[in-house]
Amino acid sequence: MTASGSTTVLFAGGGTGGHLYPGLAIARALRELDPTIQPFFVGARRGIERDILPGSGFPFELLDLHPLYRQRPWENWRTLRGATSAWRRMTRIRAERRPTTVVGTGGYASGIALAYAAVHRIPYAIQEQNSAAGLTVRLFSRWASEIYLGFPEALGALHPGRQARVLDTGNAIEPPPALRPTRLEALARWRLGQDVDATVLLVTGGSQGARALNEAVGAWVRRGLPDGLRLIWATGRKNYEEFAPLASSKVRVEPYISTIADAYAAADLALTRAGAMTTAELCAWNLPSVLVPLPTAAADHQSANARALADAGAAVFLPQSELSADRLEAEIGALVADVPRLDRMREAAAARARPDAAMRIATRVLSLARGLPPAV
């Protein structure tokens, strides 16, 4: 407890948005459950958190944390130096904040905080976003009080201790609104006409776009889309000027979709990368998908995510090495022509959906923070 009587929960994770945003979603849910809870974030100076946390409304501290340089091992002196200074700083943070619980959301930015919690017997929970658990989560799962899985498949690589409770919670995302727009409202938002029988394909490679996706989609659009297909296409800002001329009454081209819920509401099908948060959102919106994993993602975890959803019947796994206009025309065309298959994929996506994950995880973290028996 802090001097004011509030309870501090320390969140550790970052480096990438996939490790940071779940922590922010859980922290917001915690504050909604109990305004006396004080989330405090620890992250890396070199990670995305340096740009995101200042506007989050939560107190934070950035430490000199580095990943393991596997391809450049001679640079791991940075990792050791940073870990030493971060450990000293964790001692001061503990004295100042007195956290009762630590929540690790993975990535190199969470390792020192989880190690510190393990050594000092501070209860901690881990949230693993991907179907292939990362190195930090695999290591610290042994001493965790609770482990929250974005994909149930991740459990196979973990070694939780006897005391750990492992839950298939899904990933902490912004859930779809209780009242979704009608089909006509969604089409009108994107100026795609009033043909409610048209199939709308959402194409997005994330906030930065995806060059490989854009080139294949661009070639496909230039040759002519099939009748009855409409596109909402987010290119990423750096690629927008090149592909903007392909916009038409059937193709809406945007540099970035700030309110992705509007696009999900209009879409019948998605062509995207296979990041953990993207796939969680697709399932929450019951959207069938064609997933093209980023081949350079750490430990190829996006391919593992795509395979898991493909095996579940919710997606088509399309490796980037096989991506082309011809392949898109064949895959998307087959899906659009097979309505029963699309319906089965929607049902499979819905079965994997966990739109209430942030609140469910926060409820359990709150019990840990208060030293209460675990929530049901």
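In what follows, Ala, Val, Leu, Ile, Met, Phe, Trp, Tyr, Cys and Pro count as nonpolar, Asp, Glu, Lys and Arg as charged, and the others, Gly among them, as polar. This is a predicted model, in which local features need pLDDT of at least 70 and side-chain atom pairs count only at pLDDT 80 or more, while totals for chains, interfaces and linings use all residues. Residues are numbered from 1 along each chain as its sequence is written, and side-chain values use heavy atoms, with hydrogens and water left out.

**The sheet**

- Seven strands form an open sheet with parallel pairing, in the order β3-β2-β1-β4-β5-β6-β7; strands (E, at least two residues) and helices (H or I, at least four) are DSSP runs numbered from the N terminus, and two strands pair if DSSP finds at least two bridges between them.
- Because β3 (60-63) and β7 (165-168) stand at the edges with a single partner strand each, one side of each is left without a neighbour in the sheet.
- Strand β4 (residues 101-104) pairs with strand β5 (residues 124-128) in the parallel sense over three bridges, and Val103 stands opposite Ala125 in β5.

**Helices on the sheet and against each other**

- Helix α4 (residues 111-119) lies across β1, β4 and β5 and runs at about 150° to β5, where angles run from 0 to 180 degrees between N-to-C directions and axes are lines fitted to C-alpha atoms, for helices over the stretch in contact.
- The axes of helix α12 (residues 325-337) and helix α13 (residues 339-352) come within 5 Å and cross at roughly 95°, so α12 and α13 are roughly perpendicular to each other (a term for angles of 65 to 115 degrees).
- In this contact (heavy atoms within 4.5 Å), Leu335, Val336 and Ala337 of α12 meet Val339, Arg341, Leu342 and Met345 of α13, a set that divides into six nonpolar, no polar and one charged.

**Cavities**

- The structure holds two cavities of 30 Å³ or more; a cavity is a set of points on a 1 Å grid over the protein atoms alone where a 1.4 Å probe fits but cannot get out, and lining residues have an atom within 4 Å of a point.
- The largest cavity holds about 150 Å³ of space and is lined by 15 residues, of which Gly150, Gly170, Ala280, Cys283 and Arg352 lie nearest its centre.
- Helix α10 (residues 276-284) gives the most to the lining of the largest cavity, with four residues, and this lining divides into eight nonpolar, four polar and three charged residues.
- The second largest cavity has about 30 Å³ of space, and the largest share of its lining, three residues, comes from α1.

Definitions and conventions
Angles under 35 degrees count as roughly parallel, over 145 as roughly antiparallel, 65 to 115 as roughly perpendicular and the rest as oblique. On a 1 Å grid over the protein atoms alone, a cavity is a set of points where a 1.4 Å probe fits but cannot get out, and a pocket is an open set with protein on both sides within 12 Å along at least five of seven lines; lining residues have an atom within 4 Å of a point. Grid points are joined across faces, edges and corners, and a volume is the space filled by probe spheres set on the points.
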